[in-house]
Amino acid sequence: DRKKKDSAVLVIGLGRFGAATAGQLDRLDREVLAVDANLELVQKWSERVTHTVQADVTKIEALQQIGAQEFSTAVVAVGSSIEASVLITANLVDLGVPDIWAKAISKSHGQILQRIGATHVIYPEAEAGERVAHLLSGQMLDFVELDTDFAIVKMYPPLAIQNKTLSEAALRRDYKITVVGAKKPGGSFVYCTAETYIEARDQIIVSGHPDDIEKFAALDK
Ligand code: ADP
């Protein structure tokens, strides 16, 4: 029925990226149709995701045969073959699939995907690499860039804000960042207020512009 198809996701390619996407969608109780040309991969994943089918879908007829036109969301998880990734994405656009997430292995691959109508382009390797660089570069324990001008980071507090309250630390004025949460050793994260007292072994959650957070995280270096 219509409702089911609206929430079902078509995942094309069961390599590492596609398999991780399909597996997590399944754990989130989303109906998934996963497609791969490789029969062994299809068999391997057939127990974990709702529907699997073996097909080479570079031809639009093959996509029609598996009912791709009925899906409102598709993930093109084919990276190593740029030609296949581009053909599949273009065919999904032609079939009227409104929401197309496509994995790119390079900047130019991503630009082509965007140009032919992919609604979201993902660069898994580049994004993971940038994240690792952030984690290695300072005191950051975790880093999520939500937009080019906004990030959220988990870190240990620099000396400048230790043994004082957040209002005394004046972080918004001096560093243009906000501490949203803090956790004592062995405790759990709580929302911060102006009265929250920060100590060296606490972990803090900081939000703000990535450049400002980077400067803040590098204070003690
Ligand atoms: P990862 O880097 O995430 O492991 P790959 O690009 O190596 O991803 O894997 C892509 C998967 O997509 C492979 O399992 C391959 O069999 C599948 N694939 C590639 N081209 C097609 C196609 N035309 N139709 C269906 N599946 C395809």
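Predicted model: local features only at pLDDT ≥ 70, side-chain atom pairs only at ≥ 80, totals over all residues.

Q: Within what arc do the buried residues of α2 fall, seen down its axis?
A: The buried residues of α2 are Gly18, Ala19, Thr21, Ala22 and Leu25. An α-helix has 3.6 residues a turn, so residues three or four places apart point the same way. Down the axis of α2, its buried residues line one face of the helix, because they fall within an arc of 160 degrees.

Q: What covers the buried residues of α2?
A: Both strands and a helix take part. The cover includes β1 (9-12), β2 (32-36), α3 (39-45) and β4 (73-76).

Q: What span should the 12 residues of helix α2 have, and how far apart are its end C-alpha atoms?
A: Helix α2 covers residues 16-27. At 1.5 Å a residue, its 12 residues should span 16 Å. The end C-alpha atoms agree with that, being apart by 16 Å.

Q: Which residue with positive phi follows α2?
A: Its phi is near 65 degrees. The residue is Asp29.

Q: Which element gives the most to the shell around the ligand?
A: α2 and β2 each supply at least two residues of this shell. The top contribution is three residues, and it comes from α2.

Q: Which of the 21 residues around the ligand come nearest?
A: By class, the shell has 10 nonpolar, eight polar and three charged residues. Those that come nearest to the ligand are Gly13, Gly15, Arg16, Phe17 and Gly79.

How values were computed: Residues numbered from 1 in each chain as written. Helix = DSSP H or I, 4+ residues; strand = E, 2+ residues; numbered from the N terminus. Expected span 1.5 Å × (residues − 1). Buried ≥ 20, exposed ≤ 12 C-beta atoms within 10 Å, placed from the backbone. Arc of directions from axis to C-beta. Contact = placed C-beta atoms within 7 Å. Near = placed C-beta within 6 Å. Nonpolar A, V, L, I, M, F, W, Y, C, P; charged D, E, K, R; others polar.
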